[in-house]
Amino acid sequence: MVARSLAAFVLVSSGCSIAPDAGESGSTEQGSSTSTSDGATSSTPPPGTDDGGTTQANPNDSSDTGPDTGVDSSGTETGDEPPTGSPGCKAAVSLAEGEHQFMLDDNDRRYIVRLPENYSNDQPWPLIFALHGNGGNPDYWDGIGGDRDIRTEFGQEAVIIIPEAIGNAWRDYDAPSDTWPAGIELELNYFDTIYQTAQDELCIDVDNVFSMGFSGGGSFSGVLGCRREYIRAIAVGGSVIYFQPEECVSAPAAWITIGEDEFTEGRAAFRDFFAMLGGCEESSTPYEPEGCVAYDDCDPATPAVYCSHPAGHVWPSIGTEATHAFFEGFYGAG
């Protein structure tokens with residue numbers, strides 16, 4: 001299915017992995033300005049970005065979220081089989097909560113670990129990678145309160161790892177485009193390294209590893225879902241394709257949101273690619289919360305949901321709770 005879908009997609013969408021998209025290049029934490037290499041900010045997208053997207057500040061930072069509506073990835077009740085634990089379930093010492101730093105490929109690397117409040121290595125826990133946007137940093141997902149409070153949303157259920165990109169950008173639009181593939185490989189090695197550390201030093205449910213992100217962080221979540229088989233599902237906002245479709249080795253389930261005021265061909269291509277990769281039809285069925293649809297006849301393991309929201313290049317108010325519901329549909333809770 002992956003190979004057949006990729007062949008069809010490449011025929012109609014070749015080259016879309018190279019073009020930058022408005023809001024992607026140097027997007028900031030609030031999505032209201034762009035960041036330059038010297039730290040200055042500008043509200044105008046850099047040359048070469050998609051003119052169709054606009055950037056807006058979030059008009060409402062309250063948690064106005066919809067009801068939990070999980071997707072059963074297997075077509076049966078979740079939790080029928082016990083989760084598969086990583087070697088860390090037998091580790092004498094666990095990976096500590098908080099910030100971690102190390103050197104890899106001549107780069108200083110950093111990430112933050114947040115453990116469930118009742119964490120123990122007596123049971124395997126789902127793992128969620130949460131990726132900041134280009135120009136941002138791990139603080140984007142590490143706060144308490146507001147629309148991006150994943151720590152509270154998953155506080156009883158999952159291990160969260162919040163990584164930091166090289167130079168705070170998963171794609172450096174100021175660098176020549178021929179350097180981007182090498183950058184992807186550096187970041188993939190980084191994720192493989194911290195995932196291995198998590199497996200060795202924490203009790204991880206290796207069947208339920210997820211990646212979520214906004215803007216460039218969502219785009220790189222797509223890279224992980226395409227290039228790494230350990231990612232079961234992604235949940236992203238305002239993202240575009242960073243990878244070469246023919247290099248995909250895996251098909252993740254996907255929850256994708258795009259703001260009405262940031263909608264561009266590049267973002268639509270990202271959405272359509274992952275729906276197709278999941279074996280879905282082009283038709284869809286209304287889905288909760290309002291503004292969402294579930295694509296029809298997807299492969300049971302790879303459902304795809306698309307949510308439009310009435311704003312610009314921001315993580316929407318529905319995003320965190322809807323992501324929780326989507327991921328929880330795979331691992332269950334309680």
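A disulfide here is a pair of cysteine sulfur atoms within 2.5 Å. By this rule the count comes to four disulfides. Before selecting any of them, note that this is a predicted model, in which local features need pLDDT of at least 70, side-chain atom pairs count only at pLDDT 80 or more, and totals for chains, interfaces and linings use all residues. Residues are numbered from 1 along each chain as its sequence is written, and side-chain values use heavy atoms, with hydrogens and water left out.

Two more terms are needed at the stops. Helices (H or I, at least four residues) and strands (E, at least two) are DSSP runs, numbered from the N terminus. Buried means under 20% relative accessible area, exposed over 50%, and partly exposed in between, with a 1.4 Å probe and protein chains only.

**Stop 1: disulfides**

Select Cys-89 and Cys-203. Their sulfur atoms are 1.9 Å apart, and the two form a disulfide. The link of Cys-89 and Cys-203 is right-handed, with 85 degrees about the S-S bond. Cys-89 sits in the loop between β2 (41–42) and β3 (98–104), and Cys-203 in the loop between α3 (180–201) and β7 (204–214), so the pair ties together parts that are 114 residues apart in sequence. Cys-89 is buried at a relative accessible area of 19%; Cys-203 is buried at 1%.

Next, select Cys-226 and Cys-248. These cysteines form a disulfide with sulfur atoms 2.0 Å apart. Which hand does the link of Cys-226 and Cys-248 have? The link is left-handed, with -110 degrees about the S-S bond. Cys-226 belongs to helix α4 (residues 216–227) and Cys-248 to the loop between β8 (233–237) and β9 (253–259), so the pair ties together parts that are 22 residues apart in sequence. The relative accessible area of Cys-226 is 0%, which makes it buried, and Cys-248 counts as buried at 7%.

Then select Cys-280 and Cys-298, which a disulfide joins at an S to S distance of 2.0 Å. The torsion about their S-S bond is about 110 degrees, so this disulfide is right-handed. The pair links distant parts of the chain, 18 residues apart: Cys-280 is in the loop between α5 (265–277) and β10 (284–287), and Cys-298 is in the loop between β11 (292–295) and β12 (304–309). Cys-280 is buried, with a relative accessible area of 13%, and Cys-298 is buried, with 17%.

With the bonded cysteines of the chain numbered in sequence order, the pairing reads 1-2, 3-4, 5-7, 6-8.

**Stop 2: strand β6**

Select residues 159–163. Is strand β6 enclosed or open to the outside? Five of its five residues are buried, so β6 is largely enclosed by the rest of the structure. Both faces are covered: Val-159, Ile-161 and Pro-163 are buried on one side, and Ile-160 and Ile-162 on the other.

Two strands pair if DSSP finds at least two bridges between them. Strand β4 (residues 107–114) pairs with β6 in the antiparallel sense over four bridges, and Tyr-111 stands opposite Pro-163 in β6. β5 and β6 run parallel and are joined by three bridges; Leu-127 stands opposite Val-159 in β6.

From here, select Asp-142, in the loop between β5 (125–131) and α2 (150–153). Asp-142 counts as buried at 12% relative accessibility. Leaving out residues up to four places away in sequence, Asp-142 touches Ile-112, Arg-114, Arg-151 and Ile-162, where contact means heavy atoms within 4.5 Å.

**Stop 3: backbone details**

Select Asp-106, in the loop between β3 and β4. Asp-106 has a positive phi of about 65 degrees although it is not a glycine, and it is exposed, with a relative accessible area of 75%.

Ser-215 lies in the loop between β7 and α4. Its phi is near 55 degrees, a positive value in a residue other than glycine. Ser-215 is buried, with a relative accessible area of 0%.

Select Glu-288 and Pro-289: the peptide bond between them is cis, with omega near -5 degrees. Pro-289 is in the loop between β10 and β11.

**Stop 4: helix α6**

Finish with residues 319–331. 13 of the 13 residues of α6 are buried, so the helix is largely enclosed by the rest of the structure. Just after α6, Gly-332 takes a positive phi of about 65 degrees.
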